[in-house]
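Trainee: Before we look at the model, could you take me through the terms used for it and the cut-offs behind them?

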Amino acid sequence: MLVLAEATRADANVPRMPDEPPVTLEMVAWPDRDYYEGGFGPEPDLYEQGTCRTCGVDVTSTAKRAFCPTCGEVCELT
Ligand SMILES: [Zn+2]
């Protein structure tokens with residue numbers, strides 16, 4: 001499966017917390033198109049962001065209600 005994601009590498013010169021990963025990933029979540037009657041959400045020009053409650057990955061989408069690309073759960077984004 002292909003997943004669109006943005007990876008951010010932490011600055012090696014900036015100290016980070018022990019549990020902070022060196023690279024953070026934010027994945028693009030596919031909007032729940034059945035919920036939006038086939039569309040990409042009421043305001044697809046705006047990006048909605050959040051964290052999946054099930055697997056904890058950071059996700060972004062065109063709609064507030066979208067499927068997590070990692071575990072498939074519905075995410076409620078803001
Ligand atoms: Zn998930």
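Mentor: We start with the metal site and then turn to the pocket.
This is a predicted model, in which local features need pLDDT of at least 70 and side-chain atom pairs count only at pLDDT 80 or more, while totals for chains, interfaces and linings use all residues. Residues are numbered from 1 along each chain as its sequence is written, and side-chain values use heavy atoms, with hydrogens and water left out.

Trainee: What makes C52, C55, C68 and C71 donors of the zinc ion?

Mentor: A donor is an N, O or S atom within 2.8 Å of the metal (3.2 Å for Na, K and Ca), and water is not among the atoms, so sites may look incomplete. The SG atoms of C52, C55, C68 and C71 lie 2.3 Å from the zinc ion, and their residues follow the spacing C-x2-C-x12-C-x2-C.

Trainee: Why is the arrangement called tetrahedral?

Mentor: Four donors count as tetrahedral if all angles lie between 85 and 135 degrees; here the four donor atoms subtend 104 to 118°, and the arrangement is therefore tetrahedral.

Trainee: Why does C55 count as partly exposed?

Mentor: Buried means under 20% relative accessible area and exposed over 50%, with partly exposed in between (1.4 Å probe, protein chains only). C55 has 37% and is therefore partly exposed, and C71, at 33%, counts as partly exposed too.

Trainee: How many residues of the lining of the largest pocket are nonpolar, polar or charged?

Mentor: Ala, Val, Leu, Ile, Met, Phe, Trp, Tyr, Cys and Pro count as nonpolar, Asp, Glu, Lys and Arg as charged, and the others, Gly among them, as polar. On that basis the lining divides into twelve nonpolar, three polar and no charged residues.

How values were computed. Tetrahedral: all angles 85-135°; square planar, octahedral: opposite > 155°, others 65-115°.
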